[in-house]
Amino acid sequence: MWLINITRFWVEKLLEVFTVCLLLGLTGIVLAAVLFRALDSSLIWYDEVASVGLAWLTFYGANLAALKRAHMGFPGIISNSPLPIRMPLFIVSELIVISFFALVAYYGYQVMEILAWDSLVSLPSVSLTLTQSAIPISASLFILCELLSLPDAWKKMCAGVDTEHEAIEEAIRLAEEDLKEAKA
């Protein structure tokens, strides 16, 4: 269990650093494009690179959400079910998610092979294999993140904890603390 926790910690930190770098890079590109456009000297590659950056940010941000079990789902349905039904529902839901992302990874890799000889229109030196690599890599990472977060999710499911309800209660607690500090 300690190996899972250590691996989860480092995967989370790496994903946080990578997504922040993507966000900062995308922000820099957008700001530079605005500046160059204001100087009447538009960057020809801006639209294409910004689109790819936004897609990468979305894919890798979703991995971080999966690791924290913050992605969309229906935890209330599972956690409010009787225990004999809850366990099979949880297992089936996890198998569906993992199977879906295994298919995305497989077909994402197939797409990379098809696009191996193509490049960005505005930057011919950048291969579409690089830009499209986010699909199979992030799908594989999503599976890893699901598996790393599975032991905690299993414990919460067995205890009947609704993670959405738990997150709402935490947000209310933090808001009440902020309100008390503001009044003081």
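Q: At what angle do helix H4 and helix H6 pack, and how far apart are their axes?
A: Helices are DSSP runs of H or I with at least four residues, numbered from the N terminus. An axis is a line fitted to C-alpha atoms, for helices over the stretch in contact, and angles run from 0 to 180 degrees between N-to-C directions. In this predicted model, H4 (residues 83–114) and H6 (residues 134–159) pack at about 170°, and their axes lie 8 Å apart.

Q: Are H4 and H6 roughly parallel or roughly antiparallel to each other?
A: Angles under 35 degrees count as roughly parallel, over 145 as roughly antiparallel, 65 to 115 as roughly perpendicular and the rest as oblique. H4 and H6 are therefore roughly antiparallel. Their contact comprises 24 nonpolar, two polar and three charged residues. In this classification Ala, Val, Leu, Ile, Met, Phe, Trp, Tyr, Cys and Pro are nonpolar, Asp, Glu, Lys and Arg are charged, and the others, Gly among them, are polar.

Q: What do the pLDDT scores of the chain and its elements show?
A: The pLDDT is the predictor's confidence in each residue, from 0 to 100. The chain averages 90, and 98% of the residues score at least 70. Among the elements of the chain, helix H1 (residues 2–38) has the highest mean, 95, whereas helix H3 (residues 75–79) has the lowest, 74.

Q: Which rules of numbering and scoring apply here?
A: Residues are numbered from 1 along each chain as its sequence is written. Local features need pLDDT of at least 70, side-chain atom pairs count only at pLDDT 80 or more, totals for chains, interfaces and linings use all residues, and side-chain values use heavy atoms, with hydrogens and water left out.

Q: How is a pocket found, and what is the volume of the second largest pocket?
A: Rolling a probe the size of a water molecule over the atoms shows where empty space is left. On a 1 Å grid over the protein atoms alone, a pocket is an open set of points with protein on both sides within 12 Å along at least five of seven lines, and lining residues have an atom within 4 Å of a point. The volume is the space filled by probe spheres set on the points, which are joined across faces, edges and corners. The second largest pocket has a volume of about 210 Å³. It is lined by 14 residues, of which Ile29, Val49, Val52, Gly53 and Trp56 are the closest to its centre.

Q: Which helices supply the lining of the second largest pocket?
A: H1, H2 (46–67) and H5 (128–132) each supply at least two residues. H2 gives the most, with five residues. By class, the lining has ten nonpolar, three polar and one charged residues.

Q: Is Asp40 buried or exposed?
A: Buried means under 20% relative accessible area, exposed over 50%, and partly exposed in between, with a 1.4 Å probe and protein chains only. Asp40 is exposed, at 73%.

Q: How far apart in space are Met87 and Trp154, and Gly61 and Leu22?
A: Met87, in H4, is partly exposed at 29%. Met87 and Trp154 are 67 residues apart in sequence, with 8.6 Å between their C-alpha atoms. Gly61, in H2, is partly exposed at 27%. Its C-alpha atom is 9.6 Å from that of Leu22, 39 residues away along the chain.

Note on methods
On a 1 Å grid over the protein atoms alone, a cavity is a set of points where a 1.4 Å probe fits but cannot get out, and a pocket is an open set with protein on both sides within 12 Å along at least five of seven lines; lining residues have an atom within 4 Å of a point.
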